[in-house]
Amino acid sequence: MSEKSSSSGSEEDIDPESGQPLEFGGVLSKWTNYIHGWQDRWVVLKNNTLSYYKSEDEREYGCRGSLCLSKAVITPHEFDECRFDISVNDSVWYLRAEDPEHRQRWIESIELHRAESGYGSESSLRRHGSMLSLTSAASALSSTSTSSFKKGYRLREKLAEMETFRDILCRQVDTLQKYFDSCADVVSKDEFQRDGEEDEDEFLTPTRPDGENNNGSKEKLFSSANPKGINGIDFKGEAITFKATTAGILSTLSHCIELMVKREDSWQKRLDRELEKRRRVEDAYKSAMNELKKKSHYGGPDYEEGPNSLINEDEFYDAVEAELDRQDKIEEQCHSEKVRKPYLSPVPPGDAFSVIGTHRFANKPHSYCSSLSSVELVSASDEIHRFSVQVEEMVQNHMTYSLQDVGGDANWQLVIEEGDMKVYRREVEENGIVLDPLKATHAVKGVTGHEVCHYFWDTDFRMDWESTIENFNVVETLSDNAIIVYQTHKRVWPASQRDVLYLSAIRKVHATNENDPDTWLVCNFSVEHDKALPTNRCVRAKINVAMICQTLVSPPEGDREISRDNILCKITYVANVNPGGWAPASVLRAVAKREYPKFLKRFTTYVQEKTAGKPILF
């Protein structure tokens, strides 16, 4: 089933205060796994989160899973108009709505929530990606290298020396600047004073030889500009100190460069090693993801049986065979546990089966206990019900055609022969669907036809020998010898799960000649019923199956009673099955060839074990 009309909220519902979309919920079919397939789940969209519950009534117990839609990618299915997929990194939800309109409604609601949360565009998805790039790895390595660089004490000491040299140079530069400023001030004042004196001498003082006047001015100038006269600065000492400081700086820088070159080589080697590790990790991750993607289809709906399945015929067959082997292994384990711990059923008082005191040509008195009252009524006249005409037609057809020998018929192929068991098949296809009729013959010692048909028909024993059924129930009891049964079969992935609704009737066929063997028949054929309508979870198969059992008795010696050593049951089993769906023909034929002989051997062995040591029921 899909989303129901009881969904709460809609894509137009916006909280007037916060401006955020309100809660949106409903029933969607969610793909669970390849065993259970699609299951109805209550899905809720709220606060940019998609959550699902087993049902609406179980919301109080907490959700079974949730997805944050911030980085989600919504993909409508290419072929299925009701399906859409939601993926976040490696997590994928496969969802199906009731119809395309409901699917579109869900998609629009999800997009609305994403838009209101500031996400949804392709750029934002890339921006919020979770995969680390190689650039980010290099950045991480850089930060790591910086921290390790700080642990290099020699380089740190050299850097401290550089700081000291810088302070010394700054002080020296300041001192020299003050010295030069003072010198410039003295020279300016001296030139101004000298110009004034020369103008005054021209009018008041007789002219002196130029050399005498000039020498006096130079002495005065240099005496005034004497370096020791300006704050006591030793210009020569400062110059020597400046030279030594710059030499120390150059030496320290050279040493730092050597250390950094060595560290660069070490860092490069570390970086190369880390990048190589990163590359190996990424390769391993890609390989694991590829393997995971290969394995993921062994459960994904895109690879199951269907008209657009992505799995080819060979892979389909391999997967089916692997699943059948797995189920066989589980069945063997269960059987071994039953053998170790046998179930002791209480024995009712009296005989469980009628006892035959003489051989088969004598009169056969019947005495049944209450535990097999249904079997007693089976041999009585049939009760009339609405399917009585169909049952009669099926019985007549099977008695007319099913008992015919097909050994010399060219249309029938002998596919299996194991001892007394032979399995024949006639290849028939209709609209690409395999409808191969199958016929098997078998001979079982120590049991009667009545006993074989009884255990084949009675649903109380069905699960004891039938290993392919997941569950079944009796939809309607038409009479004491006719019932309508609905049963689902275990899924064999990637094939879809099958269910069957059929009428099952047991009948004793009265002999027209006293020398004819006692014959019992069980026929199962598909019908329709209002209480078991087809669903989209299973493919409804159509069947027409009959098991005809004839009891052959060899007379015992003398007056001895007939024992199980004197009886033989000849079984003729015919099956016409329309499996429906889209399973490849080669796979269906291979499975039939494998499973039908196993079924006959398993069932007949069960009947022999069940009747061993008990009175004979004819």
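## Cysteines

C63 comes out as partly exposed in this predicted model, at 39% relative accessibility. C183 is also partly exposed, with a relative accessible area of 21%. As for disulfides, the count comes to zero, with a pair of cysteine sulfur atoms having to lie within 2.5 Å to qualify.

## Salt bridges across the chain

How many salt bridges does the structure hold? There are 24 salt bridges. One of them joins the side chains of E23 and K46, at 3.9 Å from N to O. E23 sits in the segment before β1 (24-33) and K46 in strand β2 (residues 37-46), so this pair ties together parts 23 residues apart in sequence. Both ends are partly exposed: E23 has a relative accessible area of 24%, and K46 has 41%.

R540 and D499 also meet through their side chains, with 3.0 Å from N to O. Here strand β17 (residues 539-540) supplies R540 and strand β15 (residues 498-509) supplies D499, so parts 41 residues apart in sequence are tied together. R540 counts as buried at 16% relative accessibility, and D499 is buried at 1%.

## A helix-to-helix network

D328 and K598 form a salt bridge whose closest N and O atoms are 2.5 Å apart. The pair links distant parts of the chain, with D328 in helix α7 (residues 313-340) and K598 in helix α12 (residues 585-611), 270 residues apart. D328 is buried at 17% relative accessible area, whereas K598 is partly exposed at 22%. These two residues belong to a network of salt bridges that also links D325, R594 and E595.

## A loop serine

S563 lies in the loop between β18 (542-553) and β19 (567-578), and is partly exposed at 30% relative accessible area. From S563 to V553 the C-alpha distance is 9.5 Å, for a separation of 10 residues in sequence.

Key:
Residues numbered from 1 in each chain as written. Predicted model: local features only at pLDDT ≥ 70, side-chain atom pairs only at ≥ 80, totals over all residues. Heavy atoms only, no water. Buried < 20%, exposed > 50% of the residue type's maximum accessible area, 1.4 Å probe, protein only. Helix = DSSP H or I, 4+ residues; strand = E, 2+ residues; numbered from the N terminus. Salt bridge = Lys/Arg side-chain N within 4 Å of Asp/Glu carboxyl O.
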